[in-house]
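Dear colleague,

I am handing over the structure below, and after it I set out what was found. Please read the notes with the coordinates open beside them.

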Amino acid sequence: MSNLKKPLRIDIVSDVVCPWCAIGYSQLAEALKQTNTPHEIHWHPFELNPDTPSEGRNYREHIAKKYGSSREESDASRARMTEAGREVGFAFNFTEESRTYNTFAMHQLLHWADQQGYAHDLKQALFAAHFTHARDISNKEVLADIVAEIGLDRSEALAVLADERFAEDVRRAQQQWRQQGIQSVPSVIFNQKHLVSGAQGVENFKSILQQLADMPQ
């Protein structure tokens with residue numbers, strides 16, 4: 001049971017195509033639920049691979065090129081991620097056709113959605129669209145469909161993507177986090193003071209939440 005007198009502010013710097021971001025958030029969400037911790041979540045942009053072309057790349061080929069991973073290592077990594085996701089209710093469905101994408105357009109949509117209180121819903125929808133349902137999130141029509149599915153205006157989403165009105169806001173936010181030393185994701189900042197990196201696991205997140213609850217308010 002949480003002792004917090006006001007909601008815990010949680011800032012999460014992450015990318016849509018980061019599998020450990022989806023896992024880490026799901027672990028944190030379960031820990032928050034089990035500890036009954038009042039909280040408010042704020043999502044922030046990070047691009048794992050900003051040089052990815054708009055049409056994306058084959059995920060296995062991308063990992064092999066970036067990390068030098070063999071097929072066996074890639075399979076083992078996929079198995080670890082799939083199991084870690086399953087433990088917290090997030091489904092990964094990797095195939096030979098799985099792709100990774102440039103996410104700059106998505107971060108612009110998330111910025112727009114945040115202004116309407118829908119950033120969290122959109123982030124979860126994009127995680128699921130990408131990792132669970134293998135939707136082509138490089139396609140602006142698909143992105144607009146996802147936006148509409150969470151209750152936002154589809155045509156306005158297309159306009160946001162077309163005129164890139166929030167591009168500079170996203171770049172500025174990314175730069176601010178880099179200047180604060182964020183170089184990997186997920187990065188979770190509690191109450192704007194305490195940084196935790198990576199997918200920590202439910203029990204570790206519960207321990208962190210308890211430590212925060214025990215601190216003087």
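**Helix packing and local features**

The axes of helix α6 (residues 140–149) and helix α7 (residues 154–163) come within 8 Å of each other and cross at roughly 135°, where axes are lines fitted to C-alpha atoms, for helices over the stretch in contact, and angles run from 0 to 180 degrees between N-to-C directions. This is a predicted model, in which local features need pLDDT of at least 70 and side-chain atom pairs count only at pLDDT 80 or more, while totals for chains, interfaces and linings use all residues. Residues are numbered from 1 along each chain as its sequence is written, and side-chain values use heavy atoms, with hydrogens and water left out. As for the element names, helices (H or I, at least four residues) and strands (E, at least two) are DSSP runs, numbered from the N terminus.

At that angle α6 and α7 are oblique to each other; angles under 35 degrees count as roughly parallel, over 145 as roughly antiparallel, 65 to 115 as roughly perpendicular, and the rest as oblique. The crossing of α6 and α7 is right-handed, a term used if the near helix is turned clockwise from the far one by less than a right angle, with anticlockwise giving left-handed. On the α6 side the contact involves K140, E141, L143, A144, D145, V147 and A148, which meet R154, A157, L158 and L161 of α7; contact here means heavy atoms within 4.5 Å. The residues of this contact of α6 with α7 comprise seven nonpolar, no polar and four charged, with Ala, Val, Leu, Ile, Met, Phe, Trp, Tyr, Cys and Pro counted as nonpolar, Asp, Glu, Lys and Arg as charged, and the others, Gly among them, as polar.

Helix α7 also packs against helix α4 (residues 104–114), at an angle of about 125° and with the axes 10 Å apart, and these two helices are therefore oblique to each other. The crossing of α4 with α7 is again described as right-handed. A105, Q108, L109 and W112 of α4 make this contact with E156, A157, V160 and L161 of α7, and the residues involved divide into six nonpolar, one polar and one charged.

Helix α4 has a further packing partner in α8, with an angle of about 100° and the axes 9 Å apart, which makes α4 roughly perpendicular to α8. Here F104, H107, Q108 and H111 of α4 meet A167, D169, V170, R171 and Q174 of α8, and this contact of α4 with α8 divides into three nonpolar, four polar and two charged residues.

N36 has a positive phi of about 50° although it is not a glycine; N36 belongs to the loop between α1 (19–35) and β2 (39–45) and is partly exposed, with a relative accessible area of 43%. In these notes, buried means under 20% relative accessible area, exposed over 50%, and partly exposed in between (1.4 Å probe, protein chains only). A134, likewise a residue other than glycine, has a positive phi near 55°; A134 is placed in the loop between α5 (119–132) and α6 and is exposed, with a relative accessible area of 60%.

How many disulfides does the structure hold? It holds zero, taking a disulfide as a pair of cysteine sulfur atoms within 2.5 Å. C18 is buried, at a relative accessible area of 4%, and C21 also counts as buried, at 2% relative accessibility.

N49 lies in the loop between β2 and β3 (57–58) and counts as buried at 12% relative accessibility. Leaving aside its neighbours within four places in sequence, N49 is in contact with H62 and K66, while N49 and C18, 31 residues apart in sequence, are 9.9 Å apart in space, C-alpha to C-alpha. R172, by contrast, lies in helix α8 and is partly exposed, with a relative accessible area of 45%; R172 and A199 are 27 residues apart in sequence and 26 Å apart in space, C-alpha to C-alpha.
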